[in-house]
Amino acid sequence: MTDRRWIERTVAARIFAALLGLLPMISSAGDWSAWLDPEGRGDGNAVTAEALPAEIDLEQIDWRGEVGIGFSAVAVADGRVFTMGHNGEPGPRGTGGAETVWCLDAKSGDVIWKDEYAAPLLPNLHEGGPGATPVIADGVLFTVSKDGQTHAYDAASGKRLWSCELMPIVGMRRPPEWGFSASPVVYGDWLLVEAGSTIALDRKTGSVVWQSDKMTPAYGSPTVFEQGGQDWIAVLKTEGLVILDPHANGKTVTFYPWETSFQTNANTPMVIGNRLFISTGYDRGCTLLDFADGKLTPVYENQVMCNHMSNSVLIDGHLYGFDGTAHRGREVELVCMELATGTEKWRSKGLRYGTLIGAGDQLIVLSERGELLVGKASPQAWDPQHETQVLGGRCWTMPIWSGGQLYCRNSRGDLVALDLGEVSE
């Protein structure tokens with residue numbers, strides 16, 4: 001099959017599946033309730049169908065908040081914003097260090113409820129603090145702390161429904177080198193969490209349903225996808241990409257080796273039809289893989305796109321993402337690459353370790369230094385039409401566009417909500 005035919009068939013199959021109810025129809029606006037997952041598609045592609053205003057104003061800040069040290073993005077649902085932060089005390093549990101789960105009013109930033117618990121900062125070569133993003137489903141919020149404490153809350157009241165600890169489940173004595181950073185994923189009656197083993201928890205009780213074979217913990221989140229009339233789970237472990245069968249107790253179906261010189265992977269697999277895209281920093285690069293008959297087969301592998309931390313986004317057959325490993329002498333650049341062939345289209349310097357999302361055919365980019373840029377996603381060139389300095393400090397957390405507001409945070413916990421202008425119906 002040619003690459004063009006693959007793209008056309010992939011798009012047609014997604015539309016047909018949505019019409020049959022196998023996949024959710026993408027709404028024009030609404031919540032962003034999970035990591036990389038607007039409108040609940042679950043494909044690892046942070047592109048929302050929610051339109052941006054025709055006339056964009058980046059200077060209108062609705063409110064500012066302080067949520068503590070960390071890199072947790074926001075989840076938005078039912079007019080509320082959920083995120084996490086740390087109070088900055090370096091001590092282990094019970095000696096001063098604490099994380100907070102926040103529930104804020106989306107329009108005002110007022111605190112609706114919060115929950116604080118002892119947890120370590122774990123500032124290993126960065127500020128530390130929670131790295132996982134909360135997920136909300138059916139009125140319940142799920143969070144994972146830096147040291148693997150997993151909590152379920154009634155999203156309306158903040159009442160803690162259950163808690164469990166990941167380290168005892170998998171036999172760890174200490175957290176991974178950079179702590180638990182994979183975001184939890186809701187899948188049916190289960191909550192999927194990553195701790196070396198991928199673990200399925202009963203999301204009503206927190207009890208373990210199954211856990212996969214144990215591997216070295218990595219920092220990306222699981223992706224659930226449907227192929228061949230069956231659901232699968234893709235997880236990028238430190239050793240490589242694993243495909244699990246969720247209905248065979250997390251049995252490993254196939255494995256594709258993908259290691260780096262620093263023994264870490266930090267990205268979430270992206271699913272496009274029957275193919276998966278993964279990318280890693282440390283000059284490892286990226287690969288597009290076919291998944292068929294229980295096997296992974298590479299379509300290509302290159303070093304055009306080395307996503308060190310932030311995932312790429314896919315718009316109209318092209319990937320946009322941050323390539324490079326600056327501390328190894330390779331400057332970080334924003335890159336456009338054709339998905340089907342791996343062909344580089346353009347590079348843009350100066351944004352360092354930025355993050356980005358898509359909104360329709362637009363890119364929303366937040367640079368490491370807190371510059372906010374908005375422009376059309378085009379394989380011809382990066383030509384942002386709007387740009388402003390929205391935050392100071394270090395910004396490694398992706399912005400979120402949801403419900404007519406844009407949310408941005410930095411590592412020290414400054415959170416801002418911007419009104420970009422009136423969205424026409």
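Q: Why is Glu39 called buried in this predicted model?
A: The relative accessibility of Glu39 is 13%. Buried means under 20% relative accessible area, so Glu39 counts as buried.

Q: Where does Glu39 lie?
A: Glu39 lies in the loop between H1 and E1.

Q: What makes the pair Glu39 and Thr48 a polar contact?
A: Their side chains are joined at 2.6 Å. The cut-off for a pair of N or O atoms is within 3.5 Å, and therefore the 2.6 Å pair falls inside that limit. The side chain of Glu39 also makes a polar contact with the side chain of Arg41, at 3.2 Å.

Q: How far apart are Glu39 and Glu50 in sequence and in space?
A: Glu39 and Glu50 are separated by 11 residues in sequence and by 9.1 Å from C-alpha to C-alpha.

Q: Why is Leu36 called buried?
A: Leu36 has 3% relative accessibility. The limit for buried is under 20%, so Leu36 counts as buried. Its place is in the loop between helix H1 (3-20) and strand E1 (47-48).

Q: What makes the phi of Leu36 worth noting?
A: Phi of Leu36 is near 60 degrees, a positive value, and Leu36 is not a glycine. Most residues other than glycine have a negative phi.

Q: Why is Asp316 called exposed?
A: Asp316 has a relative accessible area of 66%. Exposed means over 50%, so Asp316 is exposed. Asp316 is found in the loop between strand E23 (313-315) and strand E24 (318-323), and has a positive phi of about 50 degrees although it is not a glycine.

Terms used
Residues are numbered from 1 along each chain as its sequence is written. This is a predicted model: local features need pLDDT of at least 70, side-chain atom pairs count only at pLDDT 80 or more; totals for chains, interfaces and linings use all residues. Side-chain values use heavy atoms; hydrogens and water are left out. Helices (H or I, at least four residues) and strands (E, at least two) are DSSP runs, numbered from the N terminus. Buried means under 20% relative accessible area, exposed over 50%, partly exposed in between (1.4 Å probe, protein chains only). A polar contact is a pair of N or O atoms within 3.5 Å; within protein, one must be able to donate a hydrogen and the other to accept it, and residues adjacent in sequence count only if both atoms are side-chain atoms.
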